[in-house]
Amino acid sequence: MRLDKWLWQARFFKSRTLSARKITAGHIKVNRRKVEKPSCSVSTGDVLTFVQSNRVRIIRIEALGHRRGSVIEAHALFTDLASSKESR
């Protein structure tokens, strides 16, 4: 699945255009590698690193969505690794 589409479906950005801009600017890493193409393919198990609202997000993709659903459906698509590190 395309990275920009997955970020939009997981509700990290309000539109695919915004997610594509963030990717094109080089602000998102997939498995520790900087990505600059919104069409970059992602799959389950990939780890994304990016800054959102002055907070570093480290996300592991758990599932690929079929549509942009509710917030509950979106949270099922990923595991937030940064919050688990903060709790340790």
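Reader: What does Leu48 touch, not counting residues up to four places away in sequence?
Author: Leu48 touches Leu3, Trp6, Leu7, Lys29, Val30, Val42, Arg57, Ile58, Ile59 and Ile61. Contact here means heavy atoms within 4.5 Å. This is a predicted model, in which local features need pLDDT of at least 70 and side-chain atom pairs count only at pLDDT 80 or more, while totals for chains, interfaces and linings use all residues. Residues are numbered from 1 along each chain as its sequence is written, and side-chain values use heavy atoms, with hydrogens and water left out.

Reader: Which residues touch the most other members of the largest nonpolar core?
Author: Leu3, Trp6, Leu7, Phe12 and Leu48 do, in a core of 17 residues. A nonpolar core is a set of buried Ala, Val, Leu, Ile, Met, Phe, Trp, Tyr and Cys residues joined through side-chain atoms within 4.5 Å. Two or more residues of this core come from each of helix 1, strand 1, strand 3 and strand 4. Helix 1 gives the most, with three residues. Helices (H or I, at least four residues) and strands (E, at least two) are DSSP runs, numbered from the N terminus.

Reader: How many aromatic pairs does a search of the whole structure find?
Author: The search finds five. Rings of Phe, Tyr and Trp (its six-membered ring) pair if their centres lie within 6.5 Å; planes under 30 degrees apart count as stacked, over 60 as edge-to-face and the rest as tilted.

Reader: What makes the rings of Phe12 and Phe50 a pair, and of which kind?
Author: Their centres are 5.3 Å apart and their planes stand at 85 degrees, so the pair is edge-to-face. Phe12 sits in the loop between helix 1 (3-9) and helix 2 (16-24) and Phe50 in strand 3, so the pair ties together parts 38 residues apart in sequence. Both Phe12 and Phe50 are buried, that is, under 20% relative accessible area, with exposed over 50% and partly exposed in between (1.4 Å probe, protein chains only). Ring pairs also link Trp6, Phe12, Phe13, Phe50 and Phe78 into a cluster.

Reader: What is the relative accessible area of Asn31?
Author: The value is 38%, so Asn31 is partly exposed. Asn31 lies in the loop between strand 1 (28-30) and strand 2 (33-35). Asn31 is not a glycine either, yet has a positive phi of about 55 degrees.

Reader: Which pattern does the chain follow, read along the sequence?
Author: The pattern is α-α-β-β-β-β-α-β-α, from four helices and five strands. The chain has a radius of gyration of 12 Å, close to the 12 Å of the globule rule for 88 residues, so it is as compact as a globular protein of that length. The radius is taken over C-alpha atoms, and the rule is 2.2 Å times the number of residues to the power 0.38.
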